[in-house]
Structures are given as structure tokens and as C-alpha cells.
Amino acid sequence: MSAIRTTLVTGGNSGIGEALAKRLVEKGQRVVSVGLEKPTWTHDLLAAYCADLTSIEETRAIAQAICRDHTIDRLVHNAGIILPNLLQNAKPEDILTLAQLHLGAPMQLTQAAMEGMRTRRFGRVVFVSSRAAMGAATRSAYSATKAGVHGMARTWALELAASGITVNVVAPGPILTDNFWGVVPKDSEQQERMARNVPVGRLGSREDVAHAIEFFLDERSDFVTGQVLYVCGGTSLVGLGP
């Protein structure tokens, strides 16, 4: 039987983060969620905090509070936003905002949790990135910062391996979440066309990604670190078409 661990999930109030949090508590694992809002559901094994992770100051404060109140064994950085724009409308400020959310925030949270992980000689860090790290139209800031996630994760994997801490990345393709529907109208022809262009013939679900994250979180995955797993229905091979 797996030991009871505590997993910090950013963006645990919705989408992939919510699906993962529910799967973990159903298996008797403790979850700490942090996001702009608290989850709409409750559980004895769920603790919830609110913070704007695009703010360095708020992230620093919430990281300290969480690690004061909880023993964090595993960290899943799932929180993210897209801020889509074609190049002519793209803003440098968007790169700064997403760099903090996708890179700075997990750095601050991991720094707060890693001392305890090192002491226990066990830790799991999983980033939720995106197939768009390989490039996608209207995703200048998003693709740049998600690609940066891959480099940072590999760097941490090398630095933390000797301490029993693994660092890996799950990179989803098109997944049916509010983030997706914020860009593609729900049940639209565009959504149906995208599904047809996915090699496996469908768009992904929150559970598809949560399942992959759980693989990296597992204690038995201690020989897997510095890896990027595309959960994308094959779109990392062929793209999504026009």
C-alpha cells in the first residue's frame, strides 16, 4: 500500500487540477489546493488556499503559509493561463505575466517545499506544460513560457536527483477544460474540426491528464526524472491542422 502523502496542486479548483485533486483524495491522499478561488467541493483530506500566483509577493507569502501548515511531499504546478494574440497584437507584458505564473510561481513553491523533501529524501515535482511548447499560432507568450518549463524541469531534475526528488513534465494537447473553451467556442464547428485532426480521433479529457500526472507522482516512479510526457492524442507528431 502506498504511503499517505500530501500533494500541493496549483489550480486545484478547476479543470485538470480539480480532476487530479479528486482522484488523489478518493485514494486516501491529502491534497492542498491553491488558486484564485477555492474548490467548490470539500473533503476531509482537502485543504484550500487562495492566491494570485502571477504576483511574486502573494506567491511568496502563500508558499510560506502552506509549508508552515503542511508537510508537502509532492507538488503539481497546474495553474496556467493562455493570453492568446497574433504577433502584431502581442504584448511584452504578457510574457512577464506568464513567466511568473508558469516559471516563477513553481520556483517559489518548490523552494519553500524542497527542504522538507530533502530531509525525508522523497519528493515529486510535476509541471503541467502544453503541446503548444512546440509552437502554436497566437501563443507567443504561452508557448515561450511553457517551453521554458521544460528546460527548468530538466535542470531541477539534475540538481535534485541525489535527494530523492524527481521532476517531470506532462504536456497536454487539446483538453476539454474552461481554458480550452475560453479560446475555442464550446461544441462549435471549430471544436469538432480540431477533434477530427487529432490522430486518435477525439479531444482529451481532464482525466486523461490526471492519470499521467499520477504516474509521475507514484513512489514507484523514482527512476523517471527530467522527462516530458505528451498527453496529446498524437498531436505532438502532426500538429492540429488548419
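Glutamate 214 forms a salt bridge with arginine 23, and the closest N and O atoms of the two are 2.6 Å apart. This pair links distant parts of the chain, since glutamate 214 sits in helix H7 (residues 206-217) and arginine 23 in helix H1, 191 residues apart. The model described here is predicted.

**Salt bridges**
- Side chains of opposite charge can pair when their charged atoms come close.
- The structure holds ten salt bridges, one of them between glutamate 214 and arginine 23.

**The sheet**
- Strands of a sheet pair through backbone hydrogen bonds, either parallel or antiparallel.
- Here seven strands form an open sheet with parallel pairing, and their order is E3-E2-E1-E4-E5-E6-E7.
- Strand E3 (46-50) and strand E7 (228-231) stand at the edges with a single partner strand each, so one side of each has no neighbour in the sheet.
- On average, neighbouring strands of this sheet are turned by 15 degrees against each other, direction ignored.
- Strand E4 (residues 74-77) pairs with strand E5 (residues 123-128) in the parallel sense, over four bridges.
- Histidine 77 has phenylalanine 127 in E5 as its bridge partner.

**Helices across the sheet**
- Helix H2 (residues 56-69) lies across strand E1 (6-10), strand E2 (30-35) and E3, and it runs at about 160 degrees to E3.
- Helix H3 (residues 92-120) lies across E1, E4, E5 and strand E6 (165-172), and it runs at about 175 degrees to E4.

**The largest pocket**
- Rolling a probe the size of a water molecule over the atoms shows where empty space is left.
- The largest pocket has a volume of about 1,200 Å³.
- Its lining is made up of 48 residues, and those nearest the centre are Ile82, Tyr142, Thr177, Asn179 and Phe180.
- Four helices each supply at least two residues of this lining: H1 (15-26), H4 (140-160), H5 (178-181) and H6 (189-197).
- By type, the lining residues divide into 24 nonpolar, 16 polar and eight charged.

**The second largest pocket**
- The second largest pocket holds about 210 Å³ of space.
- Residues lining the second largest pocket include Ser2, Ala3, Leu24, Lys27, Gln29 and Arg74.
- Glu214, the partner of arginine 23 in the salt bridge described above, is also among the residues that line the second largest pocket.
- The lining of the second largest pocket divides into three nonpolar, two polar and six charged residues.

Definitions and conventions: Residues are numbered from 1 along each chain as its sequence is written. This is a predicted model: local features need pLDDT of at least 70, side-chain atom pairs count only at pLDDT 80 or more; totals for chains, interfaces and linings use all residues. Side-chain values use heavy atoms; hydrogens and water are left out. On a 1 Å grid over the protein atoms alone, a cavity is a set of points where a 1.4 Å probe fits but cannot get out, and a pocket is an open set with protein on both sides within 12 Å along at least five of seven lines; lining residues have an atom within 4 Å of a point. Grid points are joined across faces, edges and corners, and a volume is the space filled by probe spheres set on the points. Ala, Val, Leu, Ile, Met, Phe, Trp, Tyr, Cys and Pro count as nonpolar, Asp, Glu, Lys and Arg as charged, and the others, Gly among them, as polar. Two strands pair if DSSP finds at least two bridges between them. Axes are lines fitted to C-alpha atoms, for helices over the stretch in contact, and angles run from 0 to 180 degrees between N-to-C directions. Contact means heavy atoms within 4.5 Å. A salt bridge is a side-chain nitrogen of Lys or Arg within 4 Å of a carboxyl oxygen of Asp or Glu.
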